[in-house]
Amino acid sequence: MDNLRKRPWIIKTMGWSAVLLSLLVVMAVWSVSTGSADISFLTVWKIIAGGIPLFTSWMDPSSWTDAEEVIVWQIRLPRIFLAAIVGMGLAVAGVAFQGVLRNPLADPYILGVSSGAAFGAALVILLGWQQGWFGAWTLPITAFASAMLTLLIVYRLALIRHRIEMDTILLAGVVVQSFVGAALSFILAISNEHMQQIVFWLMGSLALSKWEFGWVVAPLVVAGSLIIWFFTRELNIIALGEESAYHVGVEVDRIRIVLLVMASLITGAAVSVSGTIGFVGMIVPHIARFLVGSDHRILLPVSAFLGASLLIAADTLARSVMDPRELPIGVITAFLGAPFFAFLLRRRKNKYF
Amino acid sequence: MNKRFFSKNRLWMALLSLLALMILVAGCGDQASPADQAPAEEQQQQQSQQSESESQSSFPVTITDASGYEVVIEEEPQRIVSVIPSATETAFALGLGDRIVGVSDWDNYPEEVNEKEKIGGLEINTEKVLSLEPDLVLAHPTNGEAIGVLRELGLNVLVLDANNLEEVYALINTMAKATGSQDQAAALIEQMKQVRDEVVKAVSDVPQDGRKKVWVEVSAELYTAGKGTFIDELITLAGAENVAAEVEGWVQMSEEKVIEKNPDVILTTYGYYVPDAADKIKQREAWQVVSAVQNGHVYNIDSDSVTRPGPRLVNALKEMAQYIYPEQFER
């Protein structure tokens, strides 16, 4: 108890986490009960309970159809799960990038990870390798690999005399990104009938998600987030400026690299299954900072929950606003995110970054 | 060191400019040659066409095209460039194949198009079109700005559009009027109507409540064809019900909607560039409850013939109807 009193941030984190976890649950409940198929709220929950071993015996499977069960268990739930994981990953990566680079405009794609992933994905689609060596996993694996390769190139470019300057790595990111972007445009130009598929991937979507996607990406995102969380005390010190960090005895260089690599890894994993969903990674950390201040120890978990909730909400809107059409989720995140961000900017006149 | 680098750079610069110059000269030479050959070809064509078009020569003609532009054609066109595959197909069906001197990159039907000059795809290479010296350019509203550009360059551009079978007949007649091939057009339309009627007759005894539900998948991302598309019209003509009939145009449908609708037959139009498209649908875990998947009624159909407003639409109609109601065609 005494221990806790000395660390008020733990209490604050737990309080906010409880609040935001409830938000996440509310979002998930809303999401699973919403969709173009006409299934009543009650039926949805009967179906969910029917799928949980403990409750199965109480439920009467004849009160719903096979199609309804499939829609809930194999279409809506995996999608919600993946939305939560991707949203969480992008938000955490956003916090890390903004903290390490000390730049409020930083987002998870700033080092070119997304363009690398997009290039890999476009190449797979262009060459018709969707069923290549790794079956349905060929595209995500290639996207992830090319994202990591891009990161490696950026890192290598920025490494000068065994040191990495943050300005240099940002510039390296811009350079590599524009080069890879040109390569991507080239692929698009020669892609003929595949163009639609590539554009669809670029816009980002959680449609046709499978449970497997979530299960494979989740460990990466969660582990990466935990590692970043482990360094949040150092992130706070870095935020004060490089000089002071040195004086406190923080190995700024090495920690920054670890954080950048972890954040890029998370981003790469998220992008490889969902495409490039914009805005979440940049906006969510700002919203969280507005709510809880800039202590990264609190900011990180809060951003994680917020990111998950926001992406679930965005995806639910994406598939229900123009029902039965689907909209690209990136459209929704930008539509929601930009005005909200503008509102925050006006509300908070003093500088809060 | 520095100085040597500098001179090396200069050497490279010189070499590069030389190379560029050579390419330029070679390019000019290339372009000149087809123009040289053209007159001879033209003569041949004129000779062969003279006899058949004499009876119907009614030039000059004035046609208000799909872009609302009054196209005046002074003489029977002898060098036609088609910048849109549907027009190429129609032109070939009208027996104008020999007069076509250029087609778009997308063109793949009939086979003879492979021997024609290519004038670009998404972006039309106006220079290339000009160099072919066409006296008629066939285009579609989707060609957009290029239409105006070609007109400003002094070319006769005929914009053709059709959104249903009736309009395709009209399109064929318009093209025939512009090219002096009315007789061939009448025969072609007659032939198309015959196929259409044959299919409609074959499915005529399918009862209203026994109509099958069809999901047409245009891409694996669940893009489909709603109301106002040829696919929707053909499904209806084939005596079936389009699962996506409630939406307009080409849209992405939500997966759960398709499963809820429970289609009896699934047709894909992307089998030509995605290997095993139909098999992949059959393997979708969530789709195992769908009747079409359970009964194995998932087929790849030819994409071009259902999307291009041309003479092959009726073939597509027949193909679709045979997949949807195989028993109606067995007898």
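In which helix does W215(A) lie? The answer is helix α10, residues 211-230 of chain A.

## Before you start

This is a predicted model, in which local features need pLDDT of at least 70, side-chain atom pairs count only at pLDDT 80 or more, and totals for chains, interfaces and linings use all residues. Residues are numbered from 1 along each chain as its sequence is written, while chains are lettered from A and ligands numbered from 1 in the order in which they are written.

Helices (H or I, at least four residues) and strands (E, at least two) are DSSP runs, numbered from the N terminus.

## Around W215(A)

W215(A) has 13 C-beta neighbours inside 10 Å, so this residue counts as partly exposed. Here, a residue is buried if 20 or more other C-beta atoms lie within 10 Å of its own, exposed if 12 or fewer, and partly exposed in between, with C-beta atoms placed from the backbone. P78(A) is 137 residues away from W215(A) along the chain, yet their C-alpha atoms are separated by 9.4 Å.

## One face of helix α9 in chain A

Helix α9 of chain A covers residues 195-203, and its buried residues are Q197(A), I198(A) and W201(A). They fall within an arc of 95° when seen down the axis of α9(A), so they line one face of the helix. That arc is taken over the directions from the helix axis to the C-beta atoms.

The buried residues of α9(A) pack against α6 (113-127) and α8 (166-189) of chain A. After α9(A) comes G204(A), with a positive phi near 80°.

Chain B holds 13 helices and 13 strands. Of its 331 residues, 40% count as buried.

A nonpolar core is a set of buried Ala, Val, Leu, Ile, Met, Phe, Trp, Tyr and Cys residues joined through C-beta atoms within 7 Å. The largest one has 191 residues, and V92(A), A96(A), V137(B), L138(B) and M320(B) have the most contacts inside it. Helix α5 of chain A (residues 66-101) gives the largest share of this core, 23 residues. Leaving out residues up to four places away in sequence, L138(B) touches I80(B), S82(B), V83(B), I84(B), A87(B), A91(B), L158(B) and L160(B).

## Where the chains meet

Two residues are in contact if their C-beta atoms, placed from the backbone, lie within 7 Å. The contact between the chains takes 20 residues from chain B and 24 residues from chain A. On the chain B side, α8(B) gives the most, with five residues.
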